[in-house]
Amino acid sequence: MDKCRGMRDLLPQDMRQFRYVEDLFRERCLQWGYQEIRTPLLEYLHLFTAAGTLTPDMLNRVYSFLDWDGWSGERVVLRPDSTIPAARLFITELAQRPTARLFYVQSVLSFEATGTESRERWQAGVEVMGGRPPQAEVELVALAREMLEALGLKPEVRLGHMGLLRSLLEEVGVKEEEEVDRLTAQEGLLWERLRDSRPELGEALSLARLGGRSPGFLENLGSVLLPHLPGLRPTLEEFSAIAGLLTSVGCPYTVDLGLGRGFEYYTGVVFQFYCGEVRVGGGGRYDNLIPLLGGKALPATGFAIYLDRVMALTATPTTSLPVQVQAAEGCWPRAFSLAGELRAQGFAAELATGGPAGGPGPPGASVMVEDGPIFVLSGRGRFTSAAELVRALREGGDAEVSPA
Amino acid sequence: MLKLALPKGRLQPATGAYLEKAGWGLTDYELGSRSYRPTANFPGAEVKVFQEKDIPVQVAIGNYDLGVCGTDWVEELLARYPQSPLVKVKELGYGQGHLYLASSRLSPWGSVADLRGNGTPLRLAGEYPHLAGRAAMRLRLKRFRVYPLWGAVEVYPPESADLVTAHAASPTQLEERGLVPLLPLCLTTACLIANQDSWQDKGMAGAISSLLATPPQGDAAPEPPAVSLDWLSRFDGDWLRLALPDGHQKEPAVDFLRRAGLEVVGYASGKGRPDMGVEGLAAKVIRPQDMPLQVACGNFDLAITGQDWLRDHLYQFPSSPVEPLLELGFGWVRVVAVVSGQVPVSSPAELRGLLEKGQMTGLRVATEYVNIADRFARDHHLGRYRIIPTWGATEAFLPEDADLLIENTQTGQTLARHGLKIIDVLFESTACVIGSRDIAPQLREQRDALLQRLAGAVG
């Protein structure tokens, strides 16, 4: 019996790690004032087909089909992205709110040809509907860093600006999203194209390509680019303000103007989070998406942490093993009652009804309930009351479950 | 053993001539031949004839090492399953043309740019639904619906579809059919294709060299243009819109309508839009297979189709508004489950037993009734099965290319002639009139009157 190609099982140890990361993410989001949502697994395909949503390349990899009531000919799709459904949810369910801070933990599905990578990927994302630059961007970057650092990671923040990138490409006649995507997919292509089309920008482009680590870099860049491309001024100023505020709050970053691949809906600053060479998350501003989907004109920005990648980088949390409760012949009623007592006292208790469950690591404490009444705690003696047993377990320091 | 799949129909004469030149000396591969297994004068070659559209699927799943078909069908398969293990070996030079995304010359769309700004969902219809869907996504159409069709594509636009996928040797030929080419989807030409695994693992050089030695040949004569459509007939929402069947059901339908006092001008002679001769009643001639979906989505108010196709539709879309309104009595067939005479079972339960004992694995079910077959396999717990959609001539699939057929038959003689046996009768089907629960209120009275008139003619 095999599982579907490209699908991944999450085993008990994976789920322990998943919940650890998810719990931390949820806790921080709630602390920062975000509210949790979950969008359906099925959405109409047309939500994702308009220009300004997903790229054609991404659309060619969605899982789409006719639903049981799909006789109208319109297809549905297994959620290929979470930001667009979140924007849809905001429009259809929360439209009366002026703004919304939302977060979610859910998976997205897209076809991956080799079948070696998972086609279902888990994301922990946040969206600020109504958030304006520079504060919203800085809040999101700070929140993402805080979470990743709390997981013991050392995230590096890279910033780009989709508006700036598009403006630069429009200057050289590139407007089609597929072409933007192609040029930004491979390091160097974008710069070659720009240099070929506008040789007079040669030195400025070399300087731009260097990247930077401060608002000063963007101002320096302005001094060489703006004489040739005065239209870039508002975008550069917005970008500088965000970089300036990030510097002021003590958040390091690098500016990479080639950044911006992925989604058509990004309009402003985009950010990516790296741990070493692994990209563990990303996001950006998408001011046109809500109006494009039929909502009011509302700026918005968000990011997602890629849970599968973060899980692979974080240490497995230690968890307490349950106390195994076994019983001699005729003593099962008292075993059930002891297990209940242990749970009430904050222990996890597992009735060994079919033998021990097994699993990685050393076994937990084991209690045999015998006539008498006597409780035999393996390796640690015999007790005549549940209270004594609990005390011994506590003193032994094992097995207490602390849900928080 | 080298297995070669050859097309029936459009490409058949030119393919036969090509293979003749290559020295393969095929017998029983002329148009109209009832044999599916022509013999080839080429050592070690086994040849079988399929509907052209089935060939890329048969080669991709590895039933055949080589196949000849139009590149349009290869592209259609790849649009849905880009990873299909198919390789194009050589274009053979005949059957040339383009597949177009086209609109009617009466449509408001003159160019691709016009389509993008359209607010309401665009209806795309045709025999290439995956190429159509892919084109719609590439064109960034904001909202679209795709209706797969079995045929009669040109009668759909502009009223029943906004855009169609249509094959033509030239744009002019398309225009002669009343269509305006908006976008070429792919170049089409007859092509020798190979299964990728066969190509990588199997020595086929002898066969391929002999086929490649023949110079590509152009088309002997251009395809005759289809009969121009009469644009005078009305077909809009104010009139009751009736779908009449082409194919086998046409003749009995003509007789039946005559009994009901409806002399449909041009129906028998092949017009796509015959004249009903009744004010307020318009008709188009389409495939019975396509009717339930077309009624469901509101393109037609009434249709004469078979209960088999209605049932297949309702199995796929249980909430569809289509319902049977009148049984007509003609066109009787049984829909049956069929296995090869060699398989030692006489019922679905015994077939299940064979599968459970591991004496047969990975059941392959070939059928034109994809949803009926799917339900049959589920209801009988036939384990791990695959449905192979076919476009006709399904009886040729047993025993080597499928294990079970869900097929229609009248007498069972064709099945018996191919050494096949029926293990279950799923249901009996006759022609019927179908309609939609969601019919426009202003048309309901007129529809009921027509139904009453038709009911009087049921013999």
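Colleague: Is Arg382(A) buried or exposed?
Modeller: The scale uses relative accessible area, with buried under 20%, exposed over 50% and partly exposed in between (1.4 Å probe, protein chains only). Arg382(A) comes out at 53% relative accessibility, so the residue counts as exposed.

Colleague: And what kind of model is this?
Modeller: Residues are numbered from 1 along each chain as its sequence is written, chains are lettered from A and ligands numbered from 1 in the order in which they are written, and side-chain values use heavy atoms, with hydrogens and water left out. Local features need pLDDT of at least 70, side-chain atom pairs count only at pLDDT 80 or more, and totals for chains, interfaces and linings use all residues, this being a predicted model.

Colleague: Which residue does Arg382(A) meet in a salt bridge?
Modeller: A salt bridge here is a side-chain nitrogen of Lys or Arg within 4 Å of a carboxyl oxygen of Asp or Glu. The N to O distance for this pair is 3.7 Å, and the partner of Arg382(A) is Glu370(A).

Colleague: How many residues apart in sequence are the parts that this pair ties together?
Modeller: Strands (E, at least two residues) and helices (H or I, at least four) are DSSP runs, numbered from the N terminus. Glu370(A), partly exposed at 25% relative accessibility, is the other end of the salt bridge with Arg382(A). Arg382(A) lies in strand E16 (residues 381–383) and Glu370(A) in strand E14 (residues 366–370) of chain A, so the parts tied together are apart in sequence by 12 residues.

Colleague: How many salt bridges are there over all chains?
Modeller: Side chains of opposite charge can pair when their charged atoms come close. One example is the pair of Arg285(A) and Asp287(A), at 2.8 Å from N to O. Arg285(A) is buried because its relative accessibility is 0%, while Asp287(A), at 24%, is partly exposed. Searching the whole structure gives a total of 35.

Colleague: Which residue pairs with Arg88(A) in a salt bridge?
Modeller: Arg88(A) and its partner come within 2.7 Å, N to O. The pair links distant parts of the chain, 45 residues apart: Arg88(A) in helix H4 (residues 83–93) and the partner in strand E2 (residues 42–44) of chain A. Both residues are buried, and the partner is Glu43(A).

Colleague: What is the area buried between chain A and chain B?
Modeller: Buried area is the accessible area (1.4 Å probe) that two parts lose on being put together, summed over both. The contact (heavy atoms within 4.5 Å) takes 26 residues from chain A and 26 residues from chain B. In chain A, Trp68(A), Trp71(A) and Glu74(A) lose the most area to chain B, together 32% of what that side buries. Carbon and sulfur atoms give 53% of the total, which is about 2200 Å².

Colleague: How many salt bridges are counted between chain A and chain B?
Modeller: Glu74(A) forms a salt bridge with Arg145(B), the closest N and O atoms being 3.3 Å apart. The side of chain A that touches chain B divides into 12 nonpolar, eight polar and six charged residues. In that grouping Ala, Val, Leu, Ile, Met, Phe, Trp, Tyr, Cys and Pro are nonpolar, Asp, Glu, Lys and Arg charged, and the others, Gly among them, polar. The count between the two chains is four.
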